[in-house]
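The sequence and structure come first.

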Amino acid sequence: MELFTLVTSTISVANIALLVTLMIVYAKIYKTSRAIYALGLLFFASMLTLHNVIAVYAYFAMAPFYSDELFPYFAAIHLAELAGIAALLKTTLD
């Protein structure tokens, strides 16, 4: 397996872990407050989770169809997403 495929997939799995944590927090907030905003955030986090699950599947199932030169860009995109999700999680938990 190409190194960047593994790195990109690992970053996506980390994104999924943080997003699941966010979904749990947002679900608890919605359960106690019934705030529509928390429900919207829960939907947003679940769509990002779906995106990352599809990306991980695609990296493994369709790796031969991707050019090796694309994976550094995929890794950078998912790394930027990881930074944004981590910031959102920190802000949510504070």
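At roughly what angle do the axes of α1 and α2 cross? They cross at roughly 160° and come within 8 Å, where axes are lines fitted to C-alpha atoms, for helices over the stretch in contact, and angles run from 0 to 180 degrees between N-to-C directions. This is a predicted model, in which local features need pLDDT of at least 70, side-chain atom pairs count only at pLDDT 80 or more, and totals for chains, interfaces and linings use all residues. Residues are numbered from 1 along each chain as its sequence is written, and side-chain values use heavy atoms, with hydrogens and water left out.

**Helix pair α1 and α2**
- With angles over 145 degrees counted as roughly antiparallel, α1 and α2 are therefore roughly antiparallel to each other.
- Threonine 49 lies in helix α2 (helices are DSSP runs of H or I, at least four residues, numbered from the N terminus).
- Threonine 49 is buried, with a relative accessible area of 11% (buried means under 20%, exposed over 50%, with a 1.4 Å probe and protein chains only).
- Leaving aside neighbours within four places in sequence, threonine 49 is in contact (heavy atoms within 4.5 Å) with Ile16, Leu19 and Met23.

**Helix α3**
- The buried residues of α3 include Phe71, Phe74, His78 and Glu81.
- Among what covers the buried residues of α3 are α1 (3-33) and α2 (36-61).

**Charge pairing**
- The structure holds one salt bridge (a side-chain nitrogen of Lys or Arg within 4 Å of a carboxyl oxygen of Asp or Glu).
- Lysine 90 forms a salt bridge with aspartate 94, with 3.0 Å between the closest N and O atoms; both residues are exposed.

Definitions and conventions:
Helices (H or I, at least four residues) and strands (E, at least two) are DSSP runs, numbered from the N terminus. Angles under 35 degrees count as roughly parallel, over 145 as roughly antiparallel, 65 to 115 as roughly perpendicular and the rest as oblique.
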